[in-house]
Amino acid sequence: MNQEQRHDWSIDEIEGLFQLPFLELLFQAQQLHRARFPRNAVQRAQLLSIKTGHCSEDCAYCPQSARYDTGLPPEKLMAVDDVVAAARAAKASGASRYCLGAAWRSPKDSDVDAVCAMIRGVKDLGMEACVTLGMLTDTQAAKLKDAGLDYYNHNIDTSPEYYPEIITTRTFQDRLDTLSAVRKAEINVCCGGIVGMGETRVDRVRMLQVLCQLEPHPESVPINSLVKVQGTPLSLRQIDDKDGQSSDAVDGIELVRTIAVARIVLPHTVVRLSAGRESMSDELQALCFVAGANSMFWGDKLLTTKNNGVSRDEALFHKLGLVPWHPEQEAASASTSTAAAAAAPRA
Ligand code: SAM
Ligand code: DTB
Ligand code: SF4
């Protein structure tokens with residue numbers, strides 16, 4: 001076992017963290033954060049939906065499922081040149097990581113070839129590349145790695161126990177199998193979930209416990225707050241938080257607690273404050289950064305729903321004294337200095 005990564009967090013231990021006094025929890029999370037990551041620095045990742053809608057799956061939160069009438073016009077797989085042009089524009093507006101998302105249960109092999117060309121184009125711009133395409137085979141994962149893919153995003157979404165209430169067309173184990181294929185191909189794992197789907201705190205605890213059980217821990221964990229899109233089952237369902245709350249979104253303090261606990265149990269992982277920021281106040285987002293979130297989605301669109309937009313987020317960075325974080329540049333300079341050290345004559 002990696003000495004600094006614990007894979008044996010018990011439910012009671014994680015629940016104990018959630019129950020800490022709020023200020024104590026934030027202090028512990030911020031201390032760990034500072035020990036391992038640059039302070040006051042937040043990575044800016046931008047999303048692009050390269051194939052939109054008409055998805056066969058029944059994920060109850062998703063505007064892109066063909067089973068729900070969300071009014072979203074489906075779009076075929078984008079041309080490689082258009083994707084690279086969009087990545088270039090994202091870089092110019094301040095994003096350093098580019099994430100391509102496709103509304104597939106799983107890609108066809110010909111789709112993977114097209115996505116590989118997109119990944120090469122994004123990498124040539126000097127950006128980190130991430131894709132999320134659904135379930136993958138080992139061979140497909142290996143091809144993506146060859147194209148230079150840095151991260152594959154595939155979320156567990158919630159606890160194994162609550163999962164069947166949200167998705168019935170693929171199992172929790174299917175998700176874990178794809179994550180294994182990604183690991184086998186030596187691609188970094190980006191895996192997280194959604195809060196605010198009517199799950200209990202125990203479900204949030206279990207979701208984090210499963211993430212900790214992955215060996216090694218995911219390099220990146222997105223924490224999404226449900227974006228309620230009209231026509232999806234979760235927009236129609238009265239979301240009753242089984243802890244006694246009934247609300248449109250998860251309670252802000254509970255979201256911050258979830259991020260802080262993720263920071264503590266996954267101390268080396270980049271925690272991304274993902275979907276749902278559009279409805280969050282500056283103050284709530286600031287607390288999420290105090291809790292240890294160090295990445296966010298940049299630009300005015302997520303995949304199909306609205307994001308905050310560059311000017312609002314530039315203003316937030318300014319107000320909070322945040323600076324853009326570029327882990328891809330740190331990785332490049334670390335490998336240059338390792339190469340230089342290896343080349344240097346030994347004393
Ligand atoms: N089709 C692929 C898949 O599901 O693996 C990739 C794209 S899918 C849109 C990526 C992730 O976005 C989902 O696993 C879910 O966690 C998140 N997501 C989708 N719709 C959301 C919503 N309305 N609110 C919050 N997160 C959402
Ligand atoms: C993730 O965990 N969140 C992003 C990314 N991975 C692909 C997607 C959020 C999608 C929100 C709904 C939409 O815009 O369609
Ligand atoms: Fe399809 Fe992915 Fe949306 Fe599920 S989350 S319906 S698999 S696009």
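**Close-up views of a predicted model**

**View 1. Ser 106 lies in the loop between β2 and α4.** The model is predicted, so that local features need pLDDT of at least 70 and side-chain atom pairs count only at pLDDT 80 or more, while totals for chains, interfaces and linings use all residues. Residues are numbered from 1 along each chain as its sequence is written, chains are lettered from A and ligands numbered from 1 in the order in which they are written, and side-chain values use heavy atoms, with hydrogens and water left out. Helices (H or I, at least four residues) and strands (E, at least two) are DSSP runs, numbered from the N terminus. With a relative accessibility of 35%, Ser 106 is partly exposed, a class between buried (under 20% relative accessible area) and exposed (over 50%), for a 1.4 Å probe and protein chains only. Apart from residues up to four places away in sequence, Ser 106 touches Leu 133 and Met 135, where contact means heavy atoms within 4.5 Å. The C-alpha atoms of Ser 106 and Ser 274 are separated by 23 Å, and the two residues are 168 apart along the chain.

**View 2. Ser 96 sits in the loop between α3 and β2 (97-102).** Ser 96 is buried, its relative accessible area being 4%. When neighbours within four places in sequence are left aside, the residues in contact with Ser 96 are Gln 43, Arg 44, Met 127, Glu 128, Trp 325, His 326 and Glu 328.

**View 3. Helix α3 (residues 80-92) and helix α4 (residues 109-124) cross at roughly 30°, their axes coming within 9 Å.** This angle makes α3 roughly parallel to α4, a term for angles under 35 degrees; axes are lines fitted to C-alpha atoms, for helices over the stretch in contact, and angles run from 0 to 180 degrees between N-to-C directions. On the α3 side the contact is made by Val 80, Val 83, Val 84 and Ala 87, and on the α4 side by Ala 114, Ala 117, Met 118, Gly 121 and Val 122.

**View 4. Helix α7 (residues 201-213) and helix α9 (residues 252-265) have axes that come within 11 Å and cross at roughly 25°.** That makes α7 roughly parallel to α9. From α7, Arg 201, Arg 204, Leu 208 and Cys 212 meet Glu 254, Arg 257, Thr 258, Val 261, Ala 262 and Val 265 in α9.

**View 5. The largest nonpolar core has 90 residues, and those with the most contacts inside it are Tyr 61 and Leu 144.** Such a core is a set of buried Ala, Val, Leu, Ile, Met, Phe, Trp, Tyr and Cys residues joined through side-chain atoms within 4.5 Å. Helix α9 gives the most to this core, with eight residues.

**View 6. Asp 157 has a positive phi of about 75° although it is not a glycine.** Asp 157 is placed in the loop between β4 (151-153) and α6 (172-184), and at 2% relative accessibility it counts as buried. His 54, in the loop between β1 (41-51) and α3, also has a positive phi, near 60°, but at 59% relative accessibility His 54 counts as exposed.

Key:
Angles under 35 degrees count as roughly parallel, over 145 as roughly antiparallel, 65 to 115 as roughly perpendicular and the rest as oblique.
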